[in-house]
Amino acid sequence: MALSKKPRAYSAADRDRAARALLHKYQLIIENAPEILALIGSQGIIQYANPQMSKVLGYTAGEVEGRNIFEFIHPEDAPRAAQEYTDTVQHEGERVPSVLRLRDSSGTWIPFEIIANNRLDDPHIQAVIFTARDLRFRKDIVDAIRQSNADIEREVEHRTTELAKINAALRIEVQARRQAENELQGSISLLNATLDSTADGILVVSNERKITSCNRKFLEMWRLACDTSIGRDDQKLLEYVTDQLRSPNDFLDKVCALYANPSVSSFDILYLKDGRIYERYSQPQLLNDEIVGRVWSFRDVTQAKIIELELRQSQKMEALGRLAGGIAHEFNNLLMLISGYATELIENAALAEGRDTCEQILTITKRATAVTRQLLAFSRKGPDAPTVADLNLIVLGMERMLRRLLSDQVQLQISVTSDPHPVYLDVSQIEVMLMNLVINAQDAMPEGGLLSIATTSQVQSFGTPEREDKKLTFAVLQVSDTGQGIAPDVRSHIFDPFFTTKQLGKGTGLGLSTVFGITESAGGHIEVDSEPHNGATFRVYLPQVSVAPAVPFDEPPALPPRGGNETILLAEDESGIRTMTRAYLESLGYQVIEAKDGPEAIRYSHEYGGVIDLVLSDILMPGIRGDIAVNEIRKHRPAIKSMFMSGYSDQGGESGADNILYKPFEFPELGRRLRAILDAAPKAEDSLESNRGSSAA
């Protein structure tokens, strides 16, 4: 007769060993995590920190536990961190990732990505779980991981000894054993909750390719229904994961390579089909210097990558703006030379037969000036002269020029309301904006069509249902055409700088981007309605002001400039403009000292023993800026006057706006402005000593 086997009865010691094994398992995961994990109280006091704190920042647990986390945060980041932590302790659950700088034991500030998870209401935790990932990821982390494993082994030995003592005490006294069991269960719960609250998805696979552990974040990231894979082969999991990746073959090849080399650590970027981006870290799991498996860590960096792309686009736009401003500056110098030489030819009585040609050159030069105005408007370096003006009058004033600009096949129709639409803008910028919209419309109608320009006003509301709407009145400039229309894939790029659908040489791609820049700087916005083969309508909304626009009037013709016999120190790095300006000033009777840059102007001011009445200088020059050179000259000639020339409005420095003449300008205007400044200056005999050089000429 066979005897039935009795079921094994588990003793208290067996349960203790099982609990210790489970605690040991989770503790290994926490202490081998690639980021700093800490428990922080509601007031910011550090209750627990894993060994990663020591590896990354150089502090031991005893040095940080009991201290306030804000002692380690950079002073510039502290206000923001305090606000974010206040929000964290007020709302249960995980907060949005943040980037903070923490001080290591040597005083160096290290950037970390921080995730805070409020588990203050959890009776097993009662703390904020603080996860910090070092953003300086380096290969030397492998050495840190190995050192961490060695520390874990020593800690395991230490804990094993302690647990043996506890077990001996438990066998002696039952009450003490029960209390220790409760404490142990609490620790296991804490470690388990901490693992589930980390910002990373963590998966642990054994050497036999069995899934031994994964946290809740891993299941959420890979959209797994529940943790049903523990103890199973990872093959099914790999099949499910690869279906979500853009490059599954590359992923599988890397996984196979890592399993073939168990001691290797790895870092990769994974791109998912739905647009998400994950960082993947992988490192061996060690137990007693033996590799027992592999830990996989996944972090969702989708939002960080989007911000990085936006930053790159912003930097690209800034670079394009600088390029456009530089081109306009050089182009202005060329226009100055062309205009100056053409003016000389017109005034030369011996060349009467070429007068018409020279006038045509001047006309073309003025049209080229409009191009520089577009470039400067795009780069935000054009001189602004905002004023209150009626949008209707601006449109009507440009009608004659626009009709000349359009081909005979394009019919222009202008309709403005009877009520004025006052806007506060630089009139020239509105003209540039309207001209670009008209040119764009004409290009869309190569075989002709109807181009309509209209003005109106519209009240728009801004706000949310919870707040009272804010109503603003806009003056609306509408430009419509019956042309080819805009395809949907093109519409999202029409305001991008240098984007054009025209053939090479047919357009710069700056027209609509200039319109967009002017509108945005004025606090307005643009709407575009268009369908392929059905025309397009651009509506530009400009904030309407309540002040009545100034009444336009015909300005009297400017008087010829008066000359003089004063001494002018001319500083200009463009040799052609310098020569032409000197010739013009000398034709008015002035004495001119010519300098090719700021340092030379300072040297000539020291060397010249007589009176120098005024410095006429370009602002942006190699070596030393013109306004800085003038300040240096005033140290030994405090009474000297100054006037500046510039191709940008944002290069004015400390000189002030009243004595800057923006390029390209006409020389008679230079003469009038120069004379006005000199007439306002003290007489030469009253300031002879203060304006005389430091040495004889």
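**A first look at a helix, a hairpin and the cysteines**

Leu334 is found in helix α10, which covers residues 302-347; helices (H or I, at least four residues) and strands (E, at least two) are DSSP runs, numbered from the N terminus. Please keep in mind that this is a predicted model, where local features need pLDDT of at least 70, side-chain atom pairs count only at pLDDT 80 or more, and totals for chains, interfaces and linings use all residues. Residues are numbered from 1 along each chain as its sequence is written, and side-chain values use heavy atoms, with hydrogens and water left out.

**Around Leu334**
- Leu334 has a relative accessible area of 48% and is partly exposed (buried means under 20%, exposed over 50%, partly exposed in between, with a 1.4 Å probe and protein chains only).

- Strand β10 (residues 277-287) runs antiparallel to β9, and six bridges join the two; strands pair if DSSP finds at least two bridges between them.
- Phe267 has Tyr281 of β10 as its bridge partner.
- Five residues lie between the strands of this hairpin, where Gly275 takes a positive phi near 100°.

**The cysteines**
- A disulfide is counted when a pair of cysteine sulfur atoms lies within 2.5 Å, and by this rule the count is zero.
- Cys214 counts as buried at 12% relative accessibility, whereas Cys256 is partly exposed, with a relative accessible area of 48%.
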